[in-house]
Amino acid sequence: MSFGFLGIQFGWGLQLANMSAVYEKLGARPDEVPLLWLAAPVTGLLVQPIIGALSDRTWGPLGRRRPYFLTGAILASIALFFMPTSTSLWMAATLLWILDASINISMEPFRAFVADKLDLSQRTAGFVMQSFFIGVGASLANALPLILSWMGVTGATASGIPLSVKYSFQIGACVFLLAVLWTVFTTTEHPPEDLAAFEHEKRSRGGVGALFGEIGSAVREMPATMKQLAVVQFFTWLGLFCMWMFFVPTVARHVFGATDPKSELYTRGVEWGGLAFAFYSVTCFAVAFALPVLARATSRKLTHALALLCGAAGLLSVWAIHDKYLLLLTMVGVGIAWASILSMPFAILSTAIPSERMGVYMGVFNFFIVIPEILASLAFGPLIRSVFGADNPNASLYMVMAGGVCMVIAAAAVLLVHDAGDAVDAAGLMDADEHEALGIQGSVQPVPSSGRMD
């Protein structure tokens with residue numbers, strides 16, 4: 001059920017570890033890089049709630065969510081394949097827009113897919129299983145350029161993009177498509193109990209205007225728990241974007257001492273930065289299955305707060321590290337945080353929203369991921385120029401440390417979240433009266449008896 005996330009994260013991992021360096025290879029200055037990352041948040045802001053609302057009202061031969069997995073995977077694989085052949089900044093930026101829109105089409109329904117098929121007592125484990133496959137996919141993607149380099153792949157394209165990066169993207173295109181195809185063709189979805197009524201309701205909802213009206217209604221009727229989680233997500237993902245945008249250039253400049261983005265030393269720093277990212281991804285899937293145990297022993301809120309503090313410690317410690325091997329340890333803390341970020345907020349959220357609007361609310365929840373990224377893309381460039389100086393070689397290091405501060409704030413905020421799911425007994429579901437007593441909006445229906453973790 002979650003195997004497709006391995007492919008999706010393979011695509012994300014290649015992008016996150018390499019795009020800043022690709023942009024610099026194509027001539028971008030450090031203060032220009034954040035704006036060039038704008039594609040991901042804007043496409044996520046637009047695509048995910050729309051796809052979520054559409055998938056809520058979809059039923060066909062491939063079910064409700066799987067048609068979107070497949071469409072996004074095909075388009076994303078094409079964009080991944082051609083990305084490293086870019087000959088200019090505008091070409092790379094355009095392909096990034098296509099890639100991010102396509103990844104969002106594939107990714108958004110996966111969150112709702114897990115919630116569709118699992119009852120409340122299984123959802124923490126279900127989202128942690130996604131974390132596991134995300135960790136595996138990202139580990140492979142982040143390490144692949146360095147592995148290819150160790151295997152003797154050298155040289156660069158005419159635009160200066162290392163061949164190890166080019167071949168990694170093209171391998172990633174195949175992995176993305178094949179992994180999603182596995183989930184599409186080895187899972188099933190449960191049809192609506194009354195298909196005729198479902199089709200009638202879908203027709204009565206109207207067209208595009210009604211679709212956007214449904215998204216607006218979901219925003220206005222947002223449960224209190226979701227609003228509280230919004231603050232946590234905002235600072236969490238602001239911290240993550242600081243890391244993704246600036247960690248790899250920090251490795252090349254701060255640890256390897258490279259000053260010229262086109263130098264061989266800078267390329268080695270970029271490859272090592274990708275390997276460091278692989279360490280946080282390896283940690284992610286190594287600790288993923290410990291999180292439900294800790295959550296049951298304490299609470300999901302406390303588990304998430306502790307994990308975020310581990311991530312903050314990892315990012316803040318980069319300032320004191322100049323040894324490339326010691327640098328890898330910083331990513332252990334980030335990996336613990338990442339495993340929790342990919343599971344705990346979604347597990348908490350899934351107990352606070354009505355099952356019949358799972359797709360649209362999972363899409364709206366993405367707002368609190370992409371809005372901080374849009375802020376980062378628009379504000380980080382002017383911030384660097386005004387505070388650190390456009391040509392300050394330490395600017396990327398300072399931004400990574402700012403990410404650590406953001407995670408500390410997120411850890412404090414999560415302790416204030418009301419998690420109704422803490423009342424779910426390990427043996428099964430709450431009944432309707434318990435849901436009402438806890439103030440959970442909408443009904444949370446158990447899946448049919450055939451529903452299980454695939």
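How many helices and how many strands are there in the protein? The protein has 19 helices and 0 strands, where helices (H or I, at least four residues) and strands (E, at least two) are DSSP runs numbered from the N terminus. This is a predicted model, in which local features need pLDDT of at least 70 and side-chain atom pairs count only at pLDDT 80 or more, while totals for chains, interfaces and linings use all residues. Residues are numbered from 1 along each chain as its sequence is written, and side-chain values use heavy atoms, with hydrogens and water left out.

Of the 454 residues of the protein, 60% count as buried, that is, under 20% relative accessible area, with exposed meaning over 50% and partly exposed in between (1.4 Å probe, protein chains only). Among contacts (heavy atoms within 4.5 Å) between residues at least 6 apart in sequence, 83% join residues at least 24 apart.

The largest nonpolar core holds 133 residues, such a core being a set of buried Ala, Val, Leu, Ile, Met, Phe, Trp, Tyr and Cys residues joined through side-chain atoms within 4.5 Å. Met243, Trp244, Phe247 and Trp338 touch the most other members of this core, and its largest share, 18 residues, comes from helix H10 (residues 224-255). Leaving aside neighbours within four places in sequence, Trp338 is in contact with Gln9, Ile134, Trp237, Leu240, Trp244, Tyr280 and Cys284.

Trp338 also takes part in the packing of helix H14 against helix H11. Helix H11 (residues 264-287) and helix H14 (residues 324-341) pack at an angle of about 40 degrees, with their axes 7 Å apart; axes are lines fitted to C-alpha atoms, for helices over the stretch in contact, and angles run from 0 to 180 degrees between N-to-C directions. H11 and H14 are therefore oblique to each other, because angles under 35 degrees count as roughly parallel, over 145 as roughly antiparallel, 65 to 115 as roughly perpendicular and the rest as oblique. The residues in contact include Tyr280 and Cys284 of H11 and Trp338 of H14, and by class the contact has 17 nonpolar, 2 polar and 1 charged residues (Ala, Val, Leu, Ile, Met, Phe, Trp, Tyr, Cys and Pro count as nonpolar, Asp, Glu, Lys and Arg as charged, and the others, Gly among them, as polar).

H10 in turn packs with helix H17 (residues 367-388), their axes coming within 8 Å and crossing at roughly 45 degrees, which makes H10 oblique to H17. Among the residues that meet are Trp237 and Phe241 in H10 and Phe368 and Phe380 in H17.
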